[in-house]
Amino acid sequence: MDEINNIEVVPCTESDYLKPFRVHYNQNGTKKSWDFMRTHDSVSVLIFNTTSHCFILVKQFRPAVYMCESERIKTQQCQAPEKSEEGATEALASGSESQEGQVEREGESSFAWPPAATGITYELCAGLVDKPNLSLEEIARQEVLEECGYDVPASKLKRITSYRSGVGVTGSKQTMFYAEVSDDNCVSAGGGEPQEGELIEVVKVPLHEAMTFAYNERIPKTMGVIFSFIWFHNNMSPKYKISTNV
């Protein structure tokens with residue numbers, strides 16, 4: 001998971017997972033346009049192991065996170081020597097276009113890609129809703145089994161809520177479930193489906209450390225993790241009489 005190399009960024013002209021569109025519309029007499037992506041809806045599952053009193057999360061490399069952080073780092077590096085390069089910029093402006101292009105290419109090639117850890121996040125077990133013959137509960141059950149190795153009947157999944165994610169870009173809906181498991185339900189090590197390109201590490205977060213984990217900004221995580229831990233604290237923690245360390 002920590003070895004990322006041979007990075008190449010190319011235009012995305014075709015994808016099974018997202019499709020870009022531009023919509024034109026009138027709102028209260030004003031003509032507007034908006035760019036958006038059509039994506040799949042998804043499910044996520046907060047998994048709590050009642051044997052060890054810990055949450056089961058997944059840890060994986062996210063290229064989108066990695067590239068966003070890389071761009072941020074690259075921008076910071078370019079801005080840092082801005083003043084010292086003012087003279088060089090003026091000289092470049094008086095040069096030929098071919099020289100300008102050469103300098104730009106050299107600057108881009110000199111950028112050192114950050115370590116893979118830059119793109120690694122902690123998340124709830126989750127998956128796309130791309131199997132029309134299965135219910136949301138059945139899709140969630142499959143994801144729990146594939147990613148985390150626990151065999152849980154679909155009937156044991158408790159629906160927490162559903163919400164829109166990425167409303168400025170996609171507007172897709174995610175439905176969140178809660179599943180209680182025990183060590184007896186663990187039938188494999190999990191890790192996802194390698195043939196689908198998944199490389200997932202199963203992570204355990206003790207219940208008494210949950211809220212500290214949720215609010216620690218140095219730990220990269222999704223909003224689903226934070227929200228679900230708060231939900232558990234408000235709705236389930238009294239059942240186990242264990243502090244979630246709020």
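Over which residues does pLDDT stay under 50?

**View 1. Confidence across the predicted model.** This is a predicted model. pLDDT stays under 50 over residues 96–107. For that stretch the model has three contacts beyond four places in sequence. Helix 3 (residues 97–109) has the lowest mean pLDDT among the elements, 47. Strand 3 (residues 42–49) has the highest, 98. The protein as a whole has a mean pLDDT of 87, and 83% of its residues reach 70 or more. Where pLDDT is low, predicted coordinates should not be read in detail.

**View 2. A nonpolar surface patch.** Tyr17, Leu18 and Leu128 make a patch of about 270 Å². Tyr17 sits in the segment before strand 1 (18–27). Its relative accessibility is 55%, so Tyr17 counts as exposed.

View 3. Glu71 pairs with Lys74, and their closest N and O atoms are 3.8 Å apart. Both belong to helix 1 (residues 63–79). They are separated by about one helical turn because they lie three residues apart in the helix. Glu71 is partly exposed at 39% relative accessible area. Lys74 is also partly exposed, at 22%.

**View 4. The salt bridge of Arg141 and Asp151.** The structure holds seven salt bridges. In one of them, Arg141 meets Asp151 with the closest N and O atoms 2.7 Å apart. Arg141 lies in helix 4 (residues 136–148) and Asp151 in the loop between helix 4 and strand 7 (158–165), so the pair ties together parts 10 residues apart in sequence. Arg141 is partly exposed at 26% relative accessibility, and Asp151 is partly exposed at 33%.

**View 5. The salt bridge of Asp130 and Lys131.** These side chains meet at 3.3 Å, N to O. Asp130 is partly exposed, with a relative accessible area of 40%. Lys131 is partly exposed, with 28%.

Notes. Residues are numbered from 1 along each chain as its sequence is written. This is a predicted model: local features need pLDDT of at least 70, side-chain atom pairs count only at pLDDT 80 or more; totals for chains, interfaces and linings use all residues. Side-chain values use heavy atoms; hydrogens and water are left out. pLDDT is the predictor's confidence in each residue, from 0 to 100. Helices (H or I, at least four residues) and strands (E, at least two) are DSSP runs, numbered from the N terminus. Contact means heavy atoms within 4.5 Å. Patches are made of residues with over 30% relative accessible area and no salt bridge: like charges are joined within 9 Å, nonpolar side chains (Val, Leu, Ile, Met, Phe, Trp, Tyr) within 5 Å. Accessible areas come from the Shrake-Rupley method with a 1.4 Å probe; for residues, only the protein chains shown count as cover. A salt bridge is a side-chain nitrogen of Lys or Arg within 4 Å of a carboxyl oxygen of Asp or Glu. Buried means under 20% relative accessible area, exposed over 50%, partly exposed in between (1.4 Å probe, protein chains only).
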